[in-house]
Amino acid sequence: MESHSTEILLRWIVLIPLLGAAVNGLLNRKLPRQVAGLLACTTVGISFALSIVVFLRLLGMEAEHRFLTDTVATWIGYGNLSVDLGFAIDPLNAVMALVVTGIGFLIHVYSLGYMAHDQGFQRFFAYLNLFIFSMMTLVLGENLLMLFVGWEGVGLCSYLLISFWFNDEANAAAGKKAFIVNRIGDFGFLIGMFLIGATLLPHLQGGEGLFSFQTLQHHTDLLAPVATVICLLLFVGATGKSAQIPLYIWLPDAMAGPTPVSALIHAATMVTAGVYMIARMNFLFVMSDTAMLVVAIVGAATAIFASSIALVQNDIKKVLAYSTVSQLGYMMLACGVGAFGVGIFHVMTHAFFKALLFLGSGSVIHAMSDEQDMRVMGGLKNKLPITYWTFLIGTLAIAGVFPAAGFFSKDEILWKAWSSGHHILWGVGFLAAGMTAFYMMRLVAMTFYGQNRASAEVKSHIHESPATMTIPLIVLAGLALVGGWIGWPHFLGGGAWFEAWLEPVFSGGHAAHGAVVHSAGEAHVAHDVAMEWTLAGASLAWGILGLGVGWFIYTKKLATADSFKKFAGGFPHRVLLNKYYVDEGYEAAFIRPGFRLSKTVLWKVIDAGVIDGLLVNGAALVVAVVGSVLRIFQNGMVRFYAWSFTIGVTVFILYLSFSG
Amino acid sequence: MEITLSHYLLLAGAVFTTGMVGFVIRRNAIVMLMCVELMLSSTNIVFAAFSRFHGNADGHVFVLMNFAVAAAEAAIGLAILVEIFRRRRTVNVDDFKTLME
Amino acid sequence: MSFINDHILTLVTFVPLAGSLALWTVIRRDGLARIFALVVALIDFVLSLHLWFHFDPGRGDDQFVERFAWLLSGEVTYHLGMDGISLVLALLTTFLGPLVILSTWSAITKRVPGFLGFVLFLQTAMLGTFFARDMLLFYVFWEAMLIPMYFIIGIWGGQRRIYASVKFFIFTMVGSVFMLVGILWLFFQAGSMALTDFLNLQIGHEQQLWLFAAFFLAFAIKVPVFPLHTWLPDAHVEAPTAGSVILAGVLLKMGTYGMLRFAMPLFPDGVTFFAPAISILAVIGIIYGALVAMVQPDVKKLVAYSSVSHLGFVVLGLFSLTPMGVAGGIFQMLAHGLSTGALFLLVGVIYDRRHTREISEFGGLAHQMPLYATFFMIATLASVGLPILAGFIGEFMILFGTFHSSTLVHAKLFAILAATGVVLGAIYMFWMYQRVFLGKLSNDKNRNLPDLNLREIVVLVPILVFIFWLGVQPGFILDKIETSVEHVLAPLGVEQHHESQTSESHHARILPAGGTGSPNFVVLEAESH
């Protein structure tokens, strides 16, 4: 009885936020603001509480049997295609569920303050709740198709929230761009699912859920021959959702949405869905070295590419956005080198510190009367003390300073990259880590140190944010500081509890590749500890160096920054500032030719010209010509008709009588 | 002299030719209509004659049917002509070219 | 009760016709005509619910059969029957009927009784087409659909209505003529017009190809399959809202229904021979329709071209020759009927207010008409196939069915190409939505537009509810059609899904002749070697 009641909680974790979304969405302006806000926060809070209950239940179970499932109904049942509307939880998505509902709850609370004066207050919370619903469907979905439902659902919410202030056409365009770029990724995801389905369908017994993760894991041997293709296709989906090269372009634009949205969706939760999906499908990925290598390379490339762009951006949210892209690259790198658990660890710590940083930037923007350009900020340290101190903690965390959360996860990723033999990828990641520390300190310096460069009007309004906004900041700062300790590694005398918790998920399948990585780690344990110490020390020093340089240049030696801008005719700076002109390149390569083709060739030439003009009107023309010839005989003279009739009949009769 | 089938056919042929020639050469629409009636009558004669000589009633049936058709045709034709005369003050078919439209 | 059971199909089919006769003869006042037509359509819907609840989904053959001699000495019969496929499409028709009539309340102001009479007449013709099991009867209903549609576009249409209605008429007529020749040929072979007798004929290979081509042409024009689609945008743009809704909602499905009911089971050799070519046309239609939709300046034309794209999916599903693809095709017919029907209704709402549909005339409407914008968003999402809305299930099953089809050559390639339509769909729909609803409310003419009124909400809500319902519980439809699909596909010898475990080796793909139909059915892959 006890067990049953826990399982049924899974559906309520997902559905309660939907209830909030429905009430807020349907009643909208009719609902008083306080009620709407309270309702939205409560539903997510309940979800969080339920997640904790389920988590505790899992904790009480044996490590190998930590798995609960809740099937609501059959969704698609046709022939031997059977897909359930069902939810399941194991250590992996338990972590995700806690992160999503927990951070989600904090950001809901923060939004109470941040959105307090907005006209679309109720609509905002309806969307936010809908997002939690979709994200939890994604996370708790029992099969790949349910994951896809959530996947598309969060895409929709992202669209709705990015273009939330749709009065500005740019926001609307950014939302649309996000949705469409994600759809391109989904295309790959969809084909990947078809390939899985088509491979398995002939072998399934009736009633076995086709896309259920259990089924997939059970039949990895059948999927092995096509594993590489499947994994690469699924990874296309992940590049869309998790903003990897080449589909990352939507995420920086997505900052058009309200800042809590950037924090929740475009930093902490939704964008990590791709990483989660890959971790979820780890049993397939480990079968394909090629796919793993592609994931790792794309991850590392994205990490350094995005952090190089972040070096020169002036919009506070743009810096954080590219930082997010870069951090997602790290997570992908982790997955690619077979360290799925570490990838998820970084998902969690990143959620803490990046949500913190975004909310902090939101607090700054709020104080600066919606200004986002760091060039007119500065000197906010004393005016926004809570924001400043929490932001600083977030910065230390992302830079990987011991003992903040980022140190443990990032270091672990780099260590796994190194120890699995991917030394070049380690180098790339290492370089990017230094850049990360640098641009984050640049951000802090430009925002909080020095003199305030804003206009007097703005200056007079600068104030610390209300409690609804600062409390979440403080909570997140705490998490960013100590949240990484659950992954305290062995070589520092910890228990690496986080890895142990996820262990059953990632060693369950036929994890051939993963096992190799793992045993390699075990075998050279003595040699490795020394190496691990060295690398950890190096990266800690490197991070502090990055911070130091950033602090030095942007508080003491601004001339150095200017001289960099002028370096080589300003060309490198211009390229970075314009994000390597990737958007422009896509525009020129795909979008404009596509439109021109559609408009001039397909519509005007083929549709109107060839089909309608040539074929349809051509046929009509033939009829018309024949008609005009025959018309000559139709002169309206009755006696002419009579004569031709008579002559015709006579000739006919004569012919009959002489031919017979 | 015994009256044979050929006599009937000859009579019918004569009536038909009269009607046909009249239809072709006359311009007065009423006369043309009468000529059409003549041609119909000639077929009636043929039907009746064959019916008599073959000893079954099929031909008679057609004759009756023909009467009905002829009556209807004459009625409609005359009605049209009356209408045309009201508008045009003529029944000369050479003056009507609106059929072309 | 047994009287109702015995004659329910006749009742459902002809109640609207009785209504239309009354509208044309005795009812003169506009208000009365509207209420009367609505009541008739509602009665018909209620009657059709009887079918829904008394239908036995376990049987694949026809139910509620009515049959008696009609012409000649019994070779031509009045023969109605209904299987799951007919059931769901007929329900779609009777469901949309009252909503369509309600939507014309303020849009149609001239010759109201005449218009509503034509709508009801069309209802009868469409229902008859779905129920007819005698080929001549089918043909009569099929052609009868043309007449009211011709007048609806030609009298109540937009500025180029004559051009559009004549184009519509001629296009459809051309196809039907070939089908009529085919029907007559079959009639002389079979000695009866009954579909079952046609199905039992042994037709030579060559003849099957010709006959399939003749039937397919008629249906392909109706669908419409690329490149026979150019009548559709014109017809949609000129037709009044109600006409567009019926056209997109039900009329287009006549083509795909006809393929499934007649062209495919009657001529398996033709299917095998032409399936690759048809699949190519379907894929072209999907991509081409989407690309052309993208650049349309007129919202209604955009939706019209999107229909070309969506119906391409249906055709692809049918000719994937897998039960799942076919079922997905039928599901997509319904989903498209609902989502595109809703879109046309919504376009009609704004046209009623502004008398234009040019995208450039709008922008920022969401400020002025938030409820309208929300409804439009939901319809848009359904159209682009977002999961848990109806469109997703259909597209997913079609693409998946096609992808794993073992009978169609290059099936995987077709599925992949077709799946790009999913991306393109998002592009054209969201771009349009952005330009119409988002941004600033720039055009002063849009400044005082009222939001949806109660009547419009009443029209739209049932459709949107079903869009959600079918997306969450597709079994609602799939359970009804599963057996019927197998039954219809039996003559094709299509691999049935519960036998599919056995097709392990590559050679096992050459299937034995299935069912009653064709002894010489050879699977394409075998031929291509």
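Colleague: Where does Ser369(A) lie in chain A?
Modeller: Ser369(A) lies in the loop between helix 17 (340-367) and helix 18 (385-399) of chain A. Helices (H or I, at least four residues) and strands (E, at least two) are DSSP runs, numbered from the N terminus.

Colleague: What kind of model is this?
Modeller: This is a predicted model: local features need pLDDT of at least 70, side-chain atom pairs count only at pLDDT 80 or more, and totals for chains, interfaces and linings use all residues. Residues are numbered from 1 along each chain as its sequence is written, chains are lettered from A and ligands numbered from 1 in the order in which they are written, and side-chain values use heavy atoms, with hydrogens and water left out.

Colleague: Back to Ser369(A). What is its phi?
Modeller: Near 55° for Ser369(A), a positive value in a residue other than glycine. Ser369(A) counts as partly exposed, at 39% relative accessibility. The classes are buried (under 20% relative accessible area), exposed (over 50%) and partly exposed in between, with a 1.4 Å probe and protein chains only.

Colleague: And Tyr581(A), what is the phi there?
Modeller: Tyr581(A) has a positive phi of about 55°, although it is not a glycine. Tyr581(A) sits in the loop between helix 27 (571-577) and helix 28 of chain A. It is partly exposed, with a relative accessible area of 36%.

Colleague: Cis or trans, the peptide bond from Ile245(A) to Pro246(A)?
Modeller: Cis, with omega near 5°. Pro246(A) is in the loop between helix 10 (227-241) and helix 11 of chain A. In chain C, the bond from Val223(C) to Pro224(C) is cis, with omega near -5°. Pro224(C) is in the loop between helix 9 (205-222) and helix 10 (231-238) of chain C.

Colleague: Now the chains. Which pair has the most contacts?
Modeller: Chains A and C, among the 2 pairs that touch. Contact means heavy atoms within 4.5 Å. There, 55 residues of chain A meet 65 residues of chain C.

Colleague: How much area is buried between chain A and chain C?
Modeller: About 5200 Å², with carbon and sulfur atoms giving 73% of that. Buried area is the accessible area (1.4 Å probe) that two parts lose on being put together, summed over both.

Colleague: Which residues of chain A lose the most area to chain C?
Modeller: Tyr78(A), Arg183(A) and Phe194(A), together 15% of what the chain A side buries.

Colleague: How many salt bridges between chain A and chain C?
Modeller: The count is 0. A salt bridge needs a side-chain nitrogen of Lys or Arg within 4 Å of a carboxyl oxygen of Asp or Glu.

Colleague: Which helix of chain A gives the most to the side that touches chain C?
Modeller: Helix 7 of chain A, with 16 residues. By class, the chain A side has 37 nonpolar, 11 polar and 7 charged residues. Ala, Val, Leu, Ile, Met, Phe, Trp, Tyr, Cys and Pro count as nonpolar, Asp, Glu, Lys and Arg as charged, and the others, Gly among them, as polar.

Colleague: What does Arg183(A) form a salt bridge with?
Modeller: Glu152(A), with the closest N and O atoms 2.7 Å apart. The pair links distant parts of the chain, Arg183(A) in helix 7 and Glu152(A) in helix 6, 31 residues apart. Arg183(A) is buried at 1% relative accessible area, and Glu152(A) is buried at 2%.

Colleague: Which residue does Lys177(A) meet in a salt bridge?
Modeller: Asp253(A), at 2.9 Å, N to O. Lys177(A) is in helix 7 and Asp253(A) in helix 11 (residues 250-253) of chain A, so the pair ties together parts 76 residues apart in sequence. Lys177(A) is buried at 19%, while Asp253(A) is partly exposed at 24%.

Colleague: Over all chains, how many salt bridges?
Modeller: A search of the whole structure finds 19. Asp62(C), Asp83(C), Arg133(C) and Arg261(C) are linked in a network of them.

Colleague: And chain B? How many helices and strands?
Modeller: Chain B has 3 helices and 0 strands. Its radius of gyration is 17 Å, well over the 13 Å that the globule rule gives for 101 residues, so chain B is more spread out than a compact globule. That radius is taken over C-alpha atoms, and the rule is 2.2 Å times the number of residues to the power 0.38. The C-alpha trace of chain B spans about 50 × 25 × 20 Å along its principal axes.

Colleague: How far apart are the nearest C-alpha atoms of chain B and chain C?
Modeller: They are 20 Å apart, and the two chains do not touch.
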